[in-house]
Amino acid sequence: MKTLVVGLGNPILTDDGVGVKVAYEVEKVLADTPIDNANAGEIEVIEACAGGIRLMELVVGYDRLILVDAITSANGHQPGTIHKLSYEDLRDVSPTQHSACAHDTSFVTALEMGRMLGLKLPTEISIYGIEVENLIDFGDEPTPAVAAAIPHAAAAVLLELNGN
Amino acid sequence: MERITIDPITRLEGHGKIEIFLDEEGEVSNAYLQIPELRGFEQFCVGRPAEEMPRITNRICGVCPEAHHMAATKALDKLFNVEPSSAVRKIRELFYEAFYCTDHTVHFYALGGPDFVLGPNSPPAERNILGVIHKVGVDIGKQVIACRQRNHHVIKMLGGRGIHPVAGLPGGWSKAISAAEREEIEGIAKENVEFALFSLQLFADVVLANQAYVDLIVSDAFTHKTYYMGTVDENNQVNFYDGMIRVTDPDGKEYVKYEAKDYAQHIAERVEPWSYLKFPYLKNVGWKGFVDGKDSGVYCATPLSRLNASDGMATPLAQEHYEKMYETLGSEKINGNYTPVHHRLATHWARLIELLYAAERMLELSQDPEITDPNVRVTVTNTPTEGIGSVEAPRGTLTHHYVTDEKGILTKVNLIVGTTNNNAPISMSVKKAAQGLITKGTTITEGLLNTIEMAFRNYDPCMSCATHSLPGQMPLEVTIRDSEGNVVERQSQYIE
C-alpha cells in the first residue's frame, strides 16, 4: 500500500500554511522513528499549495491519502480545533481552505473526473482540518492557538499511519 | 443605495463576491467583484535578502507560481545589473511556455469552456469539467490531463521543483538542459502543438459553428471599447517572457510603448469610496470613471488584450488563427494590422490562440542549438540598488519592483499582479451584464447570475493571488438590499 500525506496551504500566510507545518512535523517524526507496522506500507509526505485538478494530479498512483489543511468552519469553533473529516464530508459540506481551486474545480469534482478517466486514485481518503484565525496577513508563524495545535494534529496523522 | 450581492461565485475560488449597487430608481449604478486583499506582503519581505524573492513570491499564488518566480528573477537581473545570456533567456522562456500550456489548458476546459460546451443556460451543476467530458468524451479529458502532466514534468525538470520552482538566479538559471532532456522536451512540445490545434478545432466545432454562440460573443452586453496592454517583441508580436509593454488605444493605434521599469510613469491607481479595490488606469489619459472610449484611462490586460495590443503572433500557426479570429469577429485590416476585437467573450478564443503560440514557441526553443548551453550561471559583482521586472502572467501583465540597500537587503517591495490591471474592466463588464438584466422591478433569476459570471469569468480573475480558500461546494447567493442596507430579497442555491 502506498500512502501520501499532503500538507496544504501557503506557509507564509500566517495560519494558512498550518497544514504544511503539520506535514513537516509528521515527516520529521517518521524520519526519527519509522513506523513499525508491516501493513503501513510506503509513506510519502509532501506539501502543496494546490487544489482542484492540480491536487488530484498529485495524488495519482497512491492507495491512501491524508490531507492536512486549514479550515474555517461556520460553527464558531476555537482556533486550533482539529477536525477529522471524511471524503463524504468534503463532498457534503465546504470544509477546507485548499481543496478547491478558483481556476478549475473542486477537489471532489477533480477526483470524480480522474476516476472517469481511469486514473489510479486513492480509495482511502481522510482529511484533517485545523481551525484557523488569520488568513490575510503575510507571516511565517501561525497564531498561538493554531501553532499549539500542530503537534496534536501531527500526532493524529501519525496515529492513523500506524494503523490506529 | 440598494445593493445586490452574488456570493460566492460558482467556479471561481476565494471569498469573492459580486456587489451590485442600485440607485433610487432601481437601476444599476455601480458593480464590482470583491477580491480579498492580503496584507503585509511588503513588511514580510523588507529586511530579507533580495535573492530570496523568486522563492518567496512564488508562494504568493498557488495557481501561477511560475509567473511570480519569473517576474522576481527578472527583477533581480535589473537589481544586480546583470544581463542574462541568450541561452539563459531561452531556457527561462522555454520553462515559461510549458507553464502557459498547463494554465491556458485548464482554464479553457474547466472554467471557460463549460459555458459554451454545455450552453450558458445549462444547469450550473452540470456546467463544469465533468459536464464537458460527458458531452465531448472521455478521450478529451484524458488529453487535458496528459497535456498538463507532460508540461508539469518539464516545469519540474527545468524549475527544480514541481509546484514552487527554485531555478531563477540573478542573471542566470540554476540548471542547464542536457541533450537527452532537450530531446524529450522537443517531443512534448510537438504534442502540445497538436493538442492546441485540436482545442482550436473543438472551439470551431462547438462555438463558432453555433450561430447563437457567435451572436452572444459579439453582443453588446459583453463588449467594451478600452485601451489594451501587452508585452511585445521587437516586431510588436506577442511575447510572454520579455519585451516592451505596449498599450494600444480603442482604435488599435499604439498609444505608448515603454520598458517595464517605467511603469509608474504610465500607470496610476484610482480609489473609490464603495470598494476597497484599487483600479489602475493610464495616468496620462486620466481617470474619467468606469467608461469606455479613448478619453477614459481604463485599460485591459488579458489574452485578448495582448492580441489587441500586438501586431500579431510570432509563430506561423498561431498567426493563422489570430487572423481567423479577427476576420471572423468583424475586425478591419488597416495598414496591415487588424483593428481590436472588443468582445470580451472572445478572450476564450484568444486564450487558445495563445496556447498554440506557447506550444509552437516551446518547440522552436527546444530545437534551438543554444538551449543546451551548459553556462547558465554568472557571478554577480555589482552593488544592488533597484530592480523592476515584468512578465505576462496568464491573467495580465505582472510587475515586481524591489529596492535594496547596498548589501541587497530589501527596503521596498511593490507588486502589480495580473488581475489587478483588470479591476476596472471587470467592474465594467459586471455592471453592463447586470444593466442588461436588472431594471426596476426585475426579479433576479439564475440566468442573470450566470450572465454576470460569464462577464467576469473570461478574465480568469485571481481572487487574491495568495489564498485559495475554497469550499468543495459553494452556495450561490444573491442578496438585494434597499437604500438603507436592509435585505429585501435573498436567493441561494448549492452548485458545484
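1. A residue counts as buried if 20 or more other C-beta atoms lie within 10 Å of its own, exposed if 12 or fewer, and partly exposed in between; C-beta atoms are placed from the backbone. This is a predicted model: local features need pLDDT of at least 70, side-chain atom pairs count only at pLDDT 80 or more, and totals for chains, interfaces and linings use all residues. Residues are numbered from 1 along each chain as its sequence is written, while chains are lettered from A and ligands numbered from 1 in the order in which they are written.

2. Chain B has 15 helices and 18 strands. These are DSSP runs, numbered from the N terminus: helices are H or I of at least four residues, strands E of at least two. Of the 496 residues in chain B, 57% are buried.

3. Look at helix 7 of chain B. Its buried residues include B:I185, B:I188, B:N192, B:F195 and B:F203. Helix 4 (86–117), helix 6 and helix 12 (347–366) of chain B are among the elements that cover the buried residues of helix 7.

4. How do helix 6 and helix 7 of chain B cross? The axes of helix 6 (residues 138–159) and helix 7 (residues 179–208) come within 10 Å and cross at roughly 150 degrees. Axes are lines fitted to C-alpha atoms, for helices over the stretch in contact, and angles run from 0 to 180 degrees between N-to-C directions. Therefore helix 6 of chain B is roughly antiparallel to helix 7 of chain B (angles over 145 degrees).

5. Residues B:C147, B:R150 and B:V154 are among those of helix 6 that meet helix 7 of chain B. Contact means C-beta atoms, placed from the backbone, within 7 Å.

Note on methods:
Angles under 35 degrees count as roughly parallel, over 145 as roughly antiparallel, 65 to 115 as roughly perpendicular and the rest as oblique. Two residues are in contact if their C-beta atoms, placed from the backbone, lie within 7 Å.
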